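The exercises below are to be worked from the sequence and the coordinates. Each task is followed by a solution in steps.

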Amino acid sequence: MDIQKQIDLVRDWGRERNIIGRDARATMLSQFKICREETDELEEAIMLDDHDGITDGVGDTAVTLIMLSELHGVSFEDCLQWAYKEIKDRTGEMVDGTFVKDTAK
C-alpha cells in the first residue's frame, strides 16, 4: 500500500472515532499529550533495542502527528513539505551521533 493511501486510512480512522473532522472531540493539546506518550514509549523501545517496539512507536507517533496536523487545519503532507523546505539545503556535521546544523546563514 502506498503511503498516501495509508495516511488517508489513518484520517478515516480518526474521523470514525471523532478525533478529527466535523465532530472532532480531541484538541490540539490533548493530541500533543498523546504524541508525547507515544514518543516516551518509542524512547523506551530504543533503549531496550526492541525492534518491534521501535516500529510500533514510530508508527504510533506518526498517527498522532497526522491527527494533530488535522486538528491544526493543515494536512500532514503540507507539514512535512514545510519541514523539508526548511531542511533541504541545511548543512552541518554529525557530532556524537547527532546532526548539528551550521549556525551561519
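**Exercise 1.** Leaving aside its neighbours within four places in sequence, with which residues is Thr61 in contact?

*Solution.* The model is a predicted one: local features need pLDDT of at least 70, side-chain atom pairs count only at pLDDT 80 or more, and totals for chains, interfaces and linings use all residues. Residues are numbered from 1 along each chain as its sequence is written, and side-chain values use heavy atoms, with hydrogens and water left out.

Step 1. Helices (H or I, at least four residues) and strands (E, at least two) are DSSP runs, numbered from the N terminus.

Step 2. Apply the contact criterion, heavy atoms within 4.5 Å. With neighbours within four places in sequence set aside, the partners of Thr61 are Cys35, Glu38, Thr39 and Leu42.

Step 3. Check the accessibility. Thr61 counts as buried because its relative accessibility is 10%; buried means under 20% relative accessible area, exposed over 50%, and partly exposed in between (1.4 Å probe, protein chains only).

Step 4. The side chain of Thr61 reaches the backbone oxygen of Gly57 at 2.8 Å. A polar contact is a pair of N or O atoms within 3.5 Å; within protein, one must be able to donate a hydrogen and the other to accept it, and residues adjacent in sequence count only if both atoms are side-chain atoms.

**Exercise 2.** Is Cys35 buried or exposed, and which residues does Cys35 touch, not counting residues up to four places away in sequence?

*Solution.* Step 1. Cys35 belongs to helix α2. Its relative accessibility is 8%, so Cys35 counts as buried.

Step 1. Not counting residues up to four places away in sequence, Cys35 touches Thr61, Thr64 and Leu65.

**Exercise 3.** Which residues of α2 are buried, and which exposed residues does the face turned away from the buried side carry?

*Solution.* Step 1. α2 has 20 residues and reaches 28 Å from its first C-alpha to its last, close to the 28 Å expected at 1.5 Å a residue. The expected span is 1.5 Å times one less than the number of residues.

Step 1. The buried residues of α2 are Gln31, Cys35, Glu38, Leu42 and Ala45. They lie on the same side of α2 because they cover an arc of only 75° around the axis; the arc is that of the directions from the helix axis to the C-beta atoms.

Step 2. An α-helix has 3.6 residues a turn, so residues three or four places apart point the same way.

Step 3. The face of α2 turned away from the buried side carries the exposed residues Leu29 and Met47. What covers the buried residues of α2 includes α3.

**Exercise 4.** How many residues has α3, and what covers its buried residues?

*Solution.* Step 1. α3, residues 51-72, has 22 residues; its span from first C-alpha to last is 32 Å, close to the 32 Å expected at 1.5 Å a residue.

Step 1. Gly53, Gly57, Thr61, Thr64, Ile66, Met67, Leu68 and Ser69 are the buried residues of α3. Their cover includes α1 (3-16), α2 (28-47) and α4 (76-87).

Step 2. Examine the ends. At the N-terminal end Asp50 caps α3, with a side-chain oxygen 3.3 Å from the backbone nitrogen of Asp52. Just after α3, Gly73 takes a positive phi of about 85°.

**Exercise 5.** Which residues make up the largest nonpolar core?

*Solution.* Step 1. A nonpolar core is a set of buried Ala, Val, Leu, Ile, Met, Phe, Trp, Tyr and Cys residues joined through side-chain atoms within 4.5 Å.

Step 1. The largest such core has 7 residues: Ile7, Val10, Ile19, Ile20, Ile66, Met67 and Phe76. α1 and α3 each supply at least two residues of this core.

Step 2. Apart from neighbours within four places in sequence, Phe76 is in contact with Ile7, Arg11, Leu65, Ile66, Ser69 and Glu70.

**Exercise 6.** In which sense do β1 and β2 pair?

*Solution.* Step 1. Strands β1 (residues 92-95) and β2 (residues 98-101) pair in the antiparallel sense over 4 bridges; pairing requires that DSSP finds at least two bridges.

Step 1. Met94 stands opposite Phe99 in β2. The two strands form a hairpin with 2 residues between them, and Asp96 in the turn has a positive phi of about 50°.
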